[in-house]
Amino acid sequence: MKLFVSEGNPHCLKALAVLELTGVKCDVQHVNHEEKVVPFLSRPILPVLHLPSGQYLFSSNAICQYLFDVSKKGSNKQSHQWLEWEATELQPALMYALHLVVVQGKTADPAKGLEAPLSFLEQSLSKKTTPFLTAETVGVADIVLWAALYPAFLENSLKTSELKSTRTWFERVGVLPACQASVQSVFKGKGVEALKGYLQKQPAPHGQHTQPRDTHTSSNESPTETEDSDHHTTEEEIEVAAQIWNQRIDCQSKPERKHPILPEEGKRNVLITSALPYVNNVPHLGNIIGCVLSADVFARYGRQRGWNLLYICGTDEYGTATENKAREEGLTPQEICDKYHAIHTNIYKWFQIDFDFFGRTTTQKQTEIAQNIFWRLHERGFLIEDIVEQLRCESCQRFLADRFVEGVCPFCQYPEARGDQCDKCGRLINAVELKEPQCKVCKQTPVIRSSKHLFLDLPKLEANLEQWLDQSVSTGDWTTNARNITRSWLRDGLKPRCITRDLRWGTPVPHPDFSGKVFYVWFDAPIGYLSITANYTDQWEKWWKNPEQVELYNFMAKDNVPFHSVVFPCSLLGAQDNYTLVNNLIATEYLNYEDTKFSKSRGVGVFGDMAKDTGIPSDVWRFYLLYLRPEGQDAAFSWADMALKNNSELLNNLGNFINRAGMFVGKFFEGCVPQVVLQEEDKRLLAQVGWELKQYIQSLDKVRIRDALKCILNISRHGNQYIQVNEPWKKIKGGDTDRQRAGTVTAVSVNMAVLLSAMLEPYMPTVSETIRSQLQAPPATARFMLQGEGNFVCSLPAGHRIGTVSPLFQKLEAEQIETLKKKFGGQQPEEEASKKQAKTVTQDNAATKASAPVAASETSVKADPELVKQLVAAIAEQGDKVRVLKGQKAEKAVIGAEVAKLLEFKKQLTLAEGKSPEPAPQKGKKK
């Protein structure tokens, strides 16, 4: 076994330190930076570990991990997570900072890019109870991170002295003899200057690496799944990508959906449901992203993949909430259901939610199926009777449904807990357990009265449930929160669950001893999935009594999990009628609104019927909601962030690339796609794009919707860089060779635009169709490209004529955002309103402030640290872009436009930092 290293290469520091620490027997050979040790790689890379088997390891972290494993020192899952974080988050930022300091001699900018990863490390270390990252003794993660940080801690301009916990840990690792020996071997006492020779031979790192990645990893957790850094393509990948590029598409027309859709033998039959929205109010953005929009993305993707797929949903219409809404509006419950069902339908239509069928629960089919399940449970002994103490409001002369009682939670003391569940701690509550209960209608204190009810005997079904859960969770895709919530229910032990209520508006209980009662909404509502399907097709049982052929996906927010993972499955298991049970349970966290929660009763936040009044297209709403989809933790809608994402990701990144690609075809090649002569650079790009496409498919197959969206944006970033480096607008003016090169770059770019249209379809269907229409792309393109692991093919061959190309997106101006934020701010509760009046106007975000700057003497301006981080990253990236353009001597108009963007970012940063912008200098004649 032989380890190849070079002097002045910071990556070699890791490998040498681990080799010394582990004591693994291995020859060490010092070579120069440019020596190609791995024969099948096109570029030199070090360190390299040549194994006795003849294989090569050339990832420094992989080498370190291998040496630890060989030495039997071992590592744990947390170590792997830290190694991934170092490679994807810390290392890109470090290399960028070192390049600025060592190669370019800059001292002002480098520290900014390191703020986010170093802050994360500092917070993590400050909470550690062990002296090292993952254990009481030094591990592979300690050596790797110490070696990565060593050059930064040598350089004063990187300001590491403020990181107390990090510095203490760093010094603890650094005193190890193995670390001291490796420093001497790599740095030779020269400090960071020893790195100059190595860094000068490396490609300049991109400023975008300094932008903190949107991993949604909270500061009190170790890093988990993060985005991959730029993928280093292999020679094999490059050749495969070039071969796929030359495949031909079968240009048959896109298959039409024929209803009713039914399971088919030999096909992948996928049944998708999204949680049934309550009919009694208008859904807000959190409701939309939590169930119907997320499910719509997956359904559209599945259809593109050729799955035999049915997506159903509908309004949940029974219960006291509907009765009360009807009373408020002077209508009957059925009239209120009809009214709001139409409102929901129109909202989802505007958001382009492509249901196969959108139904409702107030139907005869609902009564028939619910009562059938009830009788089967009753006959098999899974229902028990008991006397229940309930809250009754004497003022309203009625028993109170759980959601119409509020009080203090008996578990966490939250003052606004509902009668069925506490929104703060998530525990289920019986209404009589609430402290200081109040009727939500009249605010009077209810009294306790007794009533006989039926219960689902969950303890009797627990063994069957656990057996099914073990199989479903292990073989399907259940989000982490779904698994954890379900596990907590089982850990606490299941208790009988009441399934009847003393209400009038609901599915009648058919048992004569319980006449006048209706089914409790959480026994009844999930059966709505079945009855809605039955209203779609009388062959509904082919979907719902066919677990051998059907895969069931449930989409919902986390508060609905226990009813879909425990209560409803127990109902179906107890019915013993071969029902299809959920295979994949996809639950989001909560989406909040700015600095508070959405509230239907208080009117806080943007609701579905308001979004279309903003003038912002539904595709942009879809994009932003999916970009911040709360997958790992709660997220918050922000007008400022929406404007920033629209203007940077959609307008400047995605839209800019697609528009330029199409415009070049029209302007330079008379609207016809030019001939392609692939060079090595083009093949490498094809491989990079193919890799992102593969990641996109793998992510969406696992319902990682936000991760897949980042792959789309990565491809357009690759495309913008490709165009910028090759400058087709210049080469078209040159000789035959340059003109041919301009043609190849243009043709590859416009084909990338077609791929992007296919990948965008689940997210932004109108934009996707617009791209295909402008480029006159073949109708079967999307389905062909998304087959298998993905196929980036030349879908627009030489000579293909495109249509008229026009911009896809519009800038969201700061003044527009200011207006919208005020218009849709919502009414706050009185106590919150008084607090907000006490705050200065400067809590508005930087984008809002930019539209109406206020003199510093008039207003105290408060900084927005989170926005500052985003803008610092945006400025770094835009600054790099401007420098590249100037270095390439691009056209003045092009440079001017990018400089204007840079200045606008800087202006927003000034405001976000709580400063007043300096007035622009007045130009005039010299006197």
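**Charges over rings**

I began with Lys-710, which lies over the face of Tyr-627 at 4.8 Å from the ring centre. For this I took a charge to sit over a ring if NZ of Lys or CZ of Arg is within 6 Å of the ring centre and within 35 degrees of the ring normal. I then looked up Arg-501, whose charged end sits over the ring of Tyr-520, 4.1 Å from its centre.

**Model and confidence**

I note that this is a predicted model, in which local features need pLDDT of at least 70 and side-chain atom pairs count only at pLDDT 80 or more, while totals for chains, interfaces and linings use all residues. Residues are numbered from 1 along each chain as its sequence is written, and side-chain values use heavy atoms, with hydrogens and water left out.

The protein chain has an average pLDDT (the predictor's confidence in each residue, from 0 to 100) of 85, and 85% of the residues score at least 70. I found pLDDT under 50 over residues 207-229, a stretch with 67 contacts beyond four places in sequence in the model; contact means heavy atoms within 4.5 Å. Over residues 827-862 the pLDDT is also below 50, and this stretch has 61 contacts beyond near neighbours in sequence.

I take helices (H or I, at least four residues) and strands (E, at least two) as DSSP runs, numbered from the N terminus. Two strands pair if DSSP finds at least two bridges between them. Buried means under 20% relative accessible area, exposed over 50%, and partly exposed in between (1.4 Å probe, protein chains only).

Is strand β18 enclosed or open? Five of the five residues of β18 (residues 584-588) are buried, so the strand is largely enclosed by the rest of the structure. Asn-584, Ile-586 and Thr-588 point one way from β18, Leu-585 and Ala-587 point the other way, and all are buried. Strand β17 (residues 550-557) runs parallel to β18 and is joined to it by five bridges. Tyr-553 stands opposite Asn-584 in β18. From β17 the chain crosses through helix α19 (residues 561-575) to β18, in a right-handed β-α-β crossover; right-handed means that, with the strands pointing away from the viewer, the path from the first strand over the helix to the second runs clockwise.

In the loop between α19 and β18 I looked up Asn-578. Its phi is near 55 degrees, a positive value in a residue other than glycine. At 42% relative accessibility, Asn-578 counts as partly exposed.

**Aromatic pairs**

I take rings of Phe, Tyr and Trp (its six-membered ring) to pair if their centres lie within 6.5 Å; planes under 30 degrees apart count as stacked, over 60 as edge-to-face and the rest as tilted. The structure holds 35 aromatic pairs. The rings of Phe-355 and Phe-358 have centres 4.9 Å apart and planes at 25 degrees, so this pair is stacked. Both Phe-355 and Phe-358 are buried. Trp-621 and Trp-639 form an edge-to-face pair, with 5.8 Å centre to centre and 80 degrees between the planes. Trp-621 lies in helix α21 (residues 618-627) and Trp-639 in helix α22 (residues 639-668), so the pair ties together parts that are 18 residues apart in sequence. Both Trp-621 and Trp-639 are buried. Tyr-553 belongs to an aromatic cluster with Phe-298, Tyr-301, Trp-307, Phe-555 and Tyr-696.

I traced an open sheet of four strands in the order β2-β1-β3-β4, with mixed pairing. Its edge strands are β2 (27-30) and β4 (56-57), each pairing on one side only. Strand β1 (residues 2-5) and strand β3 (residues 48-50) pair in the antiparallel sense over three bridges, and the bridge partner of Lys-2 in β3 is His-50. In the loop between β2 and β3 lies Pro-47, and the peptide bond from Leu-46 to Pro-47 is cis, with omega near 0 degrees.

A further open sheet of four strands has the order β9-β8-β13-β14, with antiparallel pairing. Strands β9 (398-399) and β14 (497-498) stand at the edges, each with a single partner strand, so one side of each is left without a neighbour in the sheet. Strands β8 (residues 383-393) and β13 (residues 447-456) pair in the antiparallel sense over 10 bridges, and Glu-385 has Leu-454 as its bridge partner in β13.
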